[in-house]
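Grab your viewer and work through these exercises. Try each task yourself before you read its solution.

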Amino acid sequence: MRIAFHLGIIFIFIFLFSGCARTNAFSRFDFNEIKERATSSLRTSKIAKKDEIYGVISSIYLNEVIPKKYNGMEYFYVTIYTKDRAKLYDPNILDERSLILLLNGKLPVKIKRMDGDNMFKGLIPLNNDWNSYYLVAFEEQKSEKLSLILKSGSSDSQPLTYQKDEQ
């Protein structure tokens with residue numbers, strides 16, 4: 001009787017744990033190749049103004065996420081949240097609250113402000129009404145190391161760094 005009881009308990013444990021071996025935490029997520037690359041490319045930094053957090057910047061280097069479409073220049077999808085809703089610097093609009101985005105110390109050649117409901121919204125896990133969304137292009141860089149930084153007067157983000165792949 002005792003042997004049957006112990007065998008029953010062992011059988012229950014084997015049955016329960018054998019089902020766990022076939023799945024893992026990632027089996028619950030629906031990742032496609034582009035989302036996987038975007039997740040790997042996502043960089044986020046706080047924007048500090050003196051000793052206070054002023055905002056947050058997140059970016060994805062689109063050249064490594066969708067290389068067939070984004071090449072020839074350095075393309076980034078950027079989301080920015082700031083307490084005072086500051087916008088990226090546009091050379092055609094003078095605004096003292098503008099934020100300046102630099103790649104390896106150089107200004108972008110194209111900036112396109114986007115709605116929150118855009119073609120890249122699935123690439124960054126946090127989409128809300130408080131963020132500003134941009135597609136930003138810079139001249140192609142010779143350097144293999146890319147350093148994206150956001151500046152505004154007394155506030156800066158930490159550099160968001162990327163390593164270019166040989167293509």
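**Exercise 1. In what order do the elements of the chain run from the N terminus on?**

Before we start: this is a predicted model, where local features need pLDDT of at least 70, side-chain atom pairs count only at pLDDT 80 or more, and totals for chains, interfaces and linings use all residues. Residues are numbered from 1 along each chain as its sequence is written, and side-chain values use heavy atoms, with hydrogens and water left out.

Step 1: assign elements as DSSP runs, with helices being H or I of at least four residues and strands being E of at least two, numbered from the N terminus. Step 2: read them off, which gives α-α-β-β-α-β-β-β-β-β-β-β. Step 3: check the tally, three helices and nine strands.

**Exercise 2. Find the residues that touch the most other members of the largest nonpolar core.**

Step 1: collect buried Ala, Val, Leu, Ile, Met, Phe, Trp, Tyr and Cys residues joined through side-chain atoms within 4.5 Å. Buried means under 20% relative accessible area, exposed over 50%, and partly exposed in between (1.4 Å probe, protein chains only). Step 2: the largest core has 19 residues, and Ile 57, Phe 76, Val 78, Ile 80, Leu 88, Leu 101 and Leu 150 touch the most other members. Step 3: two or more residues each come from β2 (52-61), β3 (74-82), β4 (100-103), β6 (132-138), β7 (145-152) and β9 (160-163). Step 4: apart from this core lies another, of 15 residues, including Ile 60, Met 114, Tyr 133 and Ala 137.

Now zoom in on Leu 88. Skip its neighbours within four places in sequence, and its contacts (heavy atoms within 4.5 Å) are Ile 80, Ser 98, Leu 99, Leu 101, Ile 111, Tyr 134, Val 136 and Leu 150.

**Exercise 3. Is Glu 74 buried or exposed, and what does its side chain reach?**

Step 1: locate Glu 74 in strand β3. Step 2: Glu 74 counts as buried because its relative accessibility is 1%. Step 3: look for N or O atoms; the side chain reaches the backbone nitrogen of Gln 141 at 3.0 Å. Step 4: leaving aside neighbours within four places in sequence, list who else touches Glu 74; among them are Tyr 61, Leu 103, Phe 138, Leu 146 and Lys 164.

**Exercise 4. Classify the aromatic pair of Tyr 70 and Tyr 75.**

Step 1: rings of Phe, Tyr and Trp (its six-membered ring) pair if their centres lie within 6.5 Å; planes under 30 degrees apart are stacked, over 60 edge-to-face, and the rest tilted. Step 2: Tyr 70 and Tyr 75 sit 5.1 Å centre to centre with 65° between the planes, so they are edge-to-face. Step 3: check burial; Tyr 70 is buried at 6% relative accessibility, and Tyr 75 is buried at 15%. Step 4: follow the ring pairs and you get a cluster of Tyr 70, Tyr 75, Tyr 77, Phe 120 and Tyr 133.

**Exercise 5. Which side chains of β9 point to the buried face?**

Step 1: walk along the strand, where side chains alternate. Step 3: look across to β7, which pairs with β9 in the antiparallel sense over four bridges (strands pair if DSSP finds at least two bridges between them). Gln 163 is the bridge partner of Lys 145.

Key:
Polar contact = N/O pair within 3.5 Å; in protein donor to acceptor, adjacent residues only side chain to side chain.
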